[in-house]
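User: I would like to learn how to read a few features of a protein model. Please take them one at a time.

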Amino acid sequence: MSGPGCNQDGPNVETTIMVEGAAEKMKAVVVHQPGGPEVLKLEERLRPRPSPGWVLVRIRAFGLNRAELFTRNGDSGDAVKFPRIIGIECVGEVVEDPDGEFSAGQTVAAMMGGMGRDFDGSYAEYSLLPHSCIIPINTTLPWENLGAIPEMFQTALGSLRIALNVQSGKTILIRGGTSSVGLTSITLARDMGLKVLATTRNPQRQSLLEENGAHEVWIDSDGELSDRIRQKHPGGLDYVLELLGTKTLNDSLSIIKNPGGICCMTGILGGSWELNGWNPMEHLWNGKYLTAYSGEGMDQKDLQYVIDGVQEGRIRLNTDRVFALDQIQEAHKYMEANQATGKCVVLI
Ligand SMILES: NC(=O)c1ccc[n+]([C@@H]2O[C@H](COP(=O)([O-])OP(=O)(O)OC[C@H]3O[C@@H](n4cnc5c(N)ncnc54)[C@H](OP(=O)(O)O)[C@@H]3O)[C@@H](O)[C@H]2O)c1
């Protein structure tokens, strides 16, 4: 029979078996209807039990993401059915895998693939996750550090390697540099041998950007940077990683080299996905490239490279605050108020 703790209705889901009475309980944060942080309800639920294709994971920590704000607000589309346990990433240990691919106790990360949207996600003590979401890892990092890594680094590394195909010795501007994805992109780009420029609206955050590896800091108070950057770099830059979105996209396209510069749109901190009245002949003239990164590009090798780099101190990890599960409303308010400088993590 299906139980209240198992709102699993993703595309590949077979019936999740819940045995009333025999099943153990877990704490989970459930959203019953879209709304503000107050709709995040901490509840006791039956612990789900795995069926073939699905792995039961004990969640030890998870990072907080803006994508979860969108889902909580009801802005993630019709695929999301409420009630839903949200959360698009986690780290933890395998409890049970009926297919035998993962052994009990194995440390794993999981992210995306419909997690917290198509089926219940990570805001819980346990989660039932499809094999396709799960990446086994080797690490001695504490859970709160590990919990900050998967989605933040997946986004930054995927943007740099897959979308921009960055090459050592080139120049890159990280626009929205103080965001958690921005800081991560700075440290990774530096590790990959690039010259890194980064932006903030707030002059007091200059040292934060420098500590993370930025060679140059640019104050981006009005979204008009191209003329100023071109004065210092007349030939333009090789790459821009655009985290503010379409609001500043045309200005970013004016910053890249012509021909050959590449701009990747990965975020929308400026609040807008779409461009009206956009003219490619004007903004992409003669050999500039525009691309985007929308996630799901990290494999086990990439994740292990990041974890090893963090363990060795080569790659910097920016964790801002660590919350408990029962502080989830406070954590969402904090994220929404743009108070964080780095990743917020919930430690279970
Ligand atoms: N494509 C993907 O796969 C993917 C995955 C994850 C995240 N993302 C996106 O990446 C972006 C960054 O996410 P995050 O979690 O790293 O963000 P975050 O850490 O919450 O970023 C906060 C910072 O963004 C800056 N900011 C906020 N509103 C702004 C505005 N209106 N204009 C300019 N700057 C603003 C502020 O920096 P200053 O005050 O210093 O300027 C603020 O400190 C988001 O748009 C997110 O949706 C995309």
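Analyst: Start with a place in the chain: Met 112 sits in the loop between strand 5 (107-111) and strand 6 (126-130). Helices (H or I, at least four residues) and strands (E, at least two) are DSSP runs, numbered from the N terminus. Residues are numbered from 1 along each chain as its sequence is written. This is a predicted model, in which local features need pLDDT of at least 70, side-chain atom pairs count only at pLDDT 80 or more, and totals for chains, interfaces and linings use all residues.

User: What is the phi of Met 112?

Analyst: Met 112 has a positive phi of about 55°, although it is not a glycine.

User: Is Met 112 buried or exposed?

Analyst: A residue is buried if 20 or more other C-beta atoms lie within 10 Å of its own, exposed if 12 or fewer, and partly exposed in between, with C-beta atoms placed from the backbone. Met 112 is buried, because 21 other C-beta atoms lie within 10 Å.

User: How do I read Asn 338?

Analyst: Asn 338 is not a glycine either, and its phi is positive, about 55°. Its place is the loop between helix 10 (328-336) and strand 15 (343-347). Asn 338 has 10 other C-beta atoms within 10 Å, so it is exposed.

User: Which peptide bonds are cis?

Analyst: The bond from Phe 82 to Pro 83 is cis, with omega near 5°. Pro 83 lies in the loop between helix 1 (66-73) and strand 4 (89-96). Another cis peptide bond joins Asn 258 and Pro 259, with omega about 5°. Pro 259 belongs to the loop between helix 7 (249-255) and strand 12 (262-265).

User: Which residues come nearest the ligand?

Analyst: A residue is near a molecule if its C-beta atom, placed from the backbone, lies within 6 Å of it. Of the 27 residues around the ligand, Thr 178, Ser 179, Arg 201, Gly 267 and Gly 295 come nearest. Helix 3 (150-163) and helix 4 (180-191) are the elements that give two or more residues to this shell.

User: Why does the ligand lie between two domains?

Analyst: Domain bounds come from an automatic or database domain assignment. The ligand lies between domain 1 (25-148 + 318-347) and domain 2 (151-292) because both give residues to its shell.
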